[in-house]
Amino acid sequence: MGLFKKISNSTVALAALAMVGMGSASASQPADWQLGFQEAATQNMTMITDFNDFLLILMTIITLFVLGLMLYVMVRFRARANPTPSTTTHNTLVEVVWTVVPIVILVVIAIPSFRLLYFQRDIPEADMTVKAVGYQWYWGYEYPDHGDFAFDSLMLTDDERGDQPRLLATDTAMVVPVDTTVRVIVTAADVLHAFAMPAFGLKMDAVPGRLNETWFKAEKTGTFYGQCSELCGIRHAFMPIRIKVVSKVEFAEWVEEAQIEYAEIDSADAMVASAEVQDAARQ
Ligand SMILES: [Cu+2]
């Protein structure tokens, strides 16, 4: 993996240089003229990037080899240079080689592929749980381990967003501590959505009436942007996901504030909602 690491590191360095040149923002969001993935913020995404680089190199070698063979055959055995064609129909050695070599290549691909798949699907012992609920058209977050408070996260308009990125800025963020295994329970309240965070290598369908489970462990602090990744209706493009990864101390402080702030908002919302239901019932 050393070689791929070096290549992907130099790609990151090049991308960073390019971004400095263009005055673009951090790598936790899409960048202008971006090639490849966003910079990894979890081990999962590092493994995805390495696997992608490995496959890219492997298939480049195969493509060049096949191209070389075709050019050789076209030149060496063209009608003018080779007026009496060979009538050979079988060559045991060549046939064994072109059967065995592709099998070996597939096995070489399968091993890291399954390793990555098991790493993603085998959910480790989680330190905390967040439930992400997709609504038409925003995300809601619930923190069952920290007093069961809940809040919604809506996209900010161009007037409201300040220096946050366009179509990715939200009023509130899902806040999690760094170096912590977070179990994410993903579901939806109305139609299919999908919870996706590119820098974490995270994508999970949000299905009404079903609890899907995934996890991540962010290795650095910062703000990370993702989007709903299931065509869910007219405002599908306007329900971004913002995850703020903070230190454990900052997270504890945020939880204390959030328990007060969101509990109050929720009970007020609930009162308004129940009043509306009663009004509707009377009419
Ligand atoms: Cu959606």
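What share of the 283 residues of the chain counts as buried? The share is 22%, where a residue is buried if 20 or more other C-beta atoms lie within 10 Å of its own, exposed if 12 or fewer, and partly exposed in between, with C-beta atoms placed from the backbone.

1. Basis of the note. The structure is a predicted model, in which local features need pLDDT of at least 70 and side-chain atom pairs count only at pLDDT 80 or more, while totals for chains, interfaces and linings use all residues. Residue numbers start from 1 along each chain as its sequence is written.

2. Overall composition. The chain has four helices and 10 strands. Here helices (H or I, at least four residues) and strands (E, at least two) are DSSP runs, numbered from the N terminus. Along the sequence the pattern is α-α-α-β-β-β-β-β-β-β-β-β-β-α. Two residues are in contact if their C-beta atoms, placed from the backbone, lie within 7 Å. Among contacts between residues at least 6 apart in sequence, 66% join residues at least 24 apart.

3. Helix 2 and helix 3. The axes of helix 2 (residues 43-76) and helix 3 (residues 92-121) come within 11 Å and cross at roughly 165 degrees. This angle makes helix 2 roughly antiparallel to helix 3. Axes are lines fitted to C-alpha atoms, for helices over the stretch in contact, and angles run from 0 to 180 degrees between N-to-C directions. Angles under 35 degrees count as roughly parallel, over 145 as roughly antiparallel, 65 to 115 as roughly perpendicular and the rest as oblique. The crossing of helix 2 past helix 3 is left-handed, a term used if the near helix is turned anticlockwise from the far one by less than a right angle, with right-handed used if clockwise.

4. Residues at the helix contact. Helix 2 contributes Asn44, Met47, Ile48, Phe51, Phe54 and Leu55, and helix 3 contributes Ile109, Pro112, Ser113, Leu116, Phe119 and Gln120. By class, nine of the residues in this contact are nonpolar, three are polar and none is charged. In this scheme Ala, Val, Leu, Ile, Met, Phe, Trp, Tyr, Cys and Pro count as nonpolar, Asp, Glu, Lys and Arg as charged, and the others, Gly among them, as polar.

5. An open sheet with mixed pairing has its five strands in the order 3-2-1-5-8. Two strands pair if DSSP finds at least two bridges between them. Strand 3 and strand 8 (212-217) are at the edges, each with a single partner strand, so one side of each has no neighbour in the sheet. From one strand to the next the twist averages 25 degrees.

6. Pairing around strand 1. Strand 1 runs parallel to strand 5 (residues 181-188), to which seven bridges join it. Val133 stands opposite Thr187 in strand 5, and Lys131 has Ile185 as its bridge partner in that strand. With strand 2, strand 1 pairs in the antiparallel sense over five bridges; Ala132 has Tyr141 of strand 2 as its bridge partner. A hairpin of two residues joins strand 1 to strand 2.

7. Another open sheet has three strands in the order 4-10-9, with mixed pairing. Its edge strands, strand 4 (174-177) and strand 9 (222-227), each pair on one side only. Strand 4 pairs with strand 10 (residues 240-246) in the parallel sense over four bridges, and Met174 stands opposite Ile243 in strand 10.

8. Ile123. This residue lies in the loop between helix 3 and strand 1 (128-135). Ile123 is exposed, because 12 other C-beta atoms lie within 10 Å. Leaving aside residues up to four places away in sequence, Ile123 touches Arg183, Glu213 and Trp215. The C-alpha atoms of Ile123 and Trp215 are separated by 6.5 Å, although these residues are 92 apart along the chain.

9. Backbone points to inspect. Most residues other than glycine have a negative phi, and most peptide bonds are trans. A cis peptide bond joins Gln136 and Trp137, with omega about 0 degrees; Trp137 lies in the loop between strand 1 and strand 2 (138-143). Trp33, which is not a glycine, has a positive phi of about 60 degrees. Trp33 lies in the loop between helix 1 (2-22) and helix 2 and is exposed, with 9 other C-beta atoms within 10 Å. Asp148 also has a positive phi, near 60 degrees, and lies in the loop between strand 2 and strand 3 (149-153). Asp148 is exposed, with 12 other C-beta atoms within 10 Å.
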